[in-house]
Amino acid sequence: MSTTMSDKSSSSPTNPRCSQRLSSPSSESKRRTRITKVSSLLDHPTFSPAGTHPPVIVFSPTARAAALFHDVFNSIGAFPVWEIHSRLSQAKRTKTTEQFRAAKRGVLFSSDVTARGIDIKDITAVLQVGLPANSEQCE
């Protein structure tokens, strides 16, 4: 597996206080590569000081990808996980958001359904896995 990490220095970051990096997996087994990469990032001291796993949101380009990440990391059981995407009812998405908001640690795997308007205190990192489906999701 080869990955490329580079600082996003050619344009200004979305938030000047946030470090932004681009990681591009090689073409072999992209799904396994992405799961492995997300796992290593979530365990990295930047995102999880001393293995504490404070609240992090991982955005995926599709509901299917968000559900897959949730299922994989839920089966590992290293930290609490939640999923939120368009395939869940509004009541389930609301309940999940409330649970994650109250949590001291864990990961919310989400599709673009929460990309705009989600307001959760104490999020330590937001990871975007894969490219958004269209440029409107980047605004």
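Entry 1. In which helix does R64 lie? I located R64 in helix α2, where helices (H or I, at least four residues) and strands (E, at least two) are DSSP runs numbered from the N terminus. I found R64 exposed, with a relative accessible area of 62%; exposed means over 50% relative accessible area, buried under 20%, and partly exposed in between, with a 1.4 Å probe and protein chains only. I also looked up the C-alpha atoms of R64 and S111, which are 8.4 Å apart, although the two residues are separated by 47 residues along the chain.

Entry 2. I note the basis of these entries. This is a predicted model, in which local features need pLDDT of at least 70 and side-chain atom pairs count only at pLDDT 80 or more, while totals for chains, interfaces and linings use all residues. Residues are numbered from 1 along each chain as its sequence is written, and side-chain values use heavy atoms, with hydrogens and water left out.

Entry 3. I checked the confidence, given as pLDDT (the predictor's confidence in each residue, from 0 to 100). The chain averages 74, and 58% of the residues score at least 70. Strand β1 (residues 3–7) has the lowest confidence in the chain, with a mean of 40, and strand β4 (residues 81–84) the highest, at 94. Over residues 1–10 pLDDT stays under 50, and for this stretch the model has 25 contacts beyond four places in sequence; a contact means heavy atoms within 4.5 Å.

Entry 4. I recorded the overall arrangement. The chain has three helices and six strands, in the order β-β-α-β-α-β-α-β-β along the sequence. Of its 139 residues, 34% are buried. Among contacts in the chain with a separation of 6 or more, 62% are between residues 24 or more positions apart.

Entry 5. I examined the nonpolar cores, each a set of buried Ala, Val, Leu, Ile, Met, Phe, Trp, Tyr and Cys residues joined through side-chain atoms within 4.5 Å. The largest has 14 residues, and V38, V58, F69, F73, V81, V107 and F109 have the most contacts inside it. At least two residues of this core come from each of α1 (30–43), β3 (56–59), α2 (63–76), β5 (107–110) and β6 (125–128). Helix α1 supplies the largest share, three residues. Leaving aside neighbours within four places in sequence, I listed F69, F73, F109 and V129 as the contacts of V38. A second, separate core has eight residues, including I57, F100, A103 and L108.

Entry 6. I then followed strand β4. Which residues point one way from β4, and which the other way? V81 and E83 point one way, W82 and I84 the other, and all are buried. In a regular strand the side chains alternate between the two faces of the sheet. Strands β4 and β5 run parallel and are joined by four bridges; strands pair if DSSP finds at least two bridges between them. Opposite V81 stands V107 in β5.

Entry 7. Rings of Phe, Tyr and Trp (its six-membered ring) pair if their centres lie within 6.5 Å; planes under 30 degrees apart count as stacked, over 60 as edge-to-face and the rest as tilted. The ring centres of W82 and F100 are 5.3 Å apart and the planes are at 70°, so this pair is edge-to-face. W82 is in strand β4 and F100 in helix α3 (residues 90–102), so the pair ties together parts that are 18 residues apart in sequence. W82 is buried at 13% relative accessibility, and F100 is buried at 1%. I also noted a cluster in which ring pairs link F69, F73, F79 and F109.

Entry 8. I looked up two further buried residues. H70, in helix α2, has a relative accessible area of 12%. Beyond neighbours within four places in sequence, H70 is in contact with V81, W82, E83 and F109. The side chains of H70 and D71 form a polar contact of 3.2 Å, that is, a pair of N or O atoms within 3.5 Å; within protein, one must be able to donate a hydrogen and the other to accept it, and residues adjacent in sequence count only if both atoms are side-chain atoms. S110, in strand β5, has a relative accessible area of 0%.
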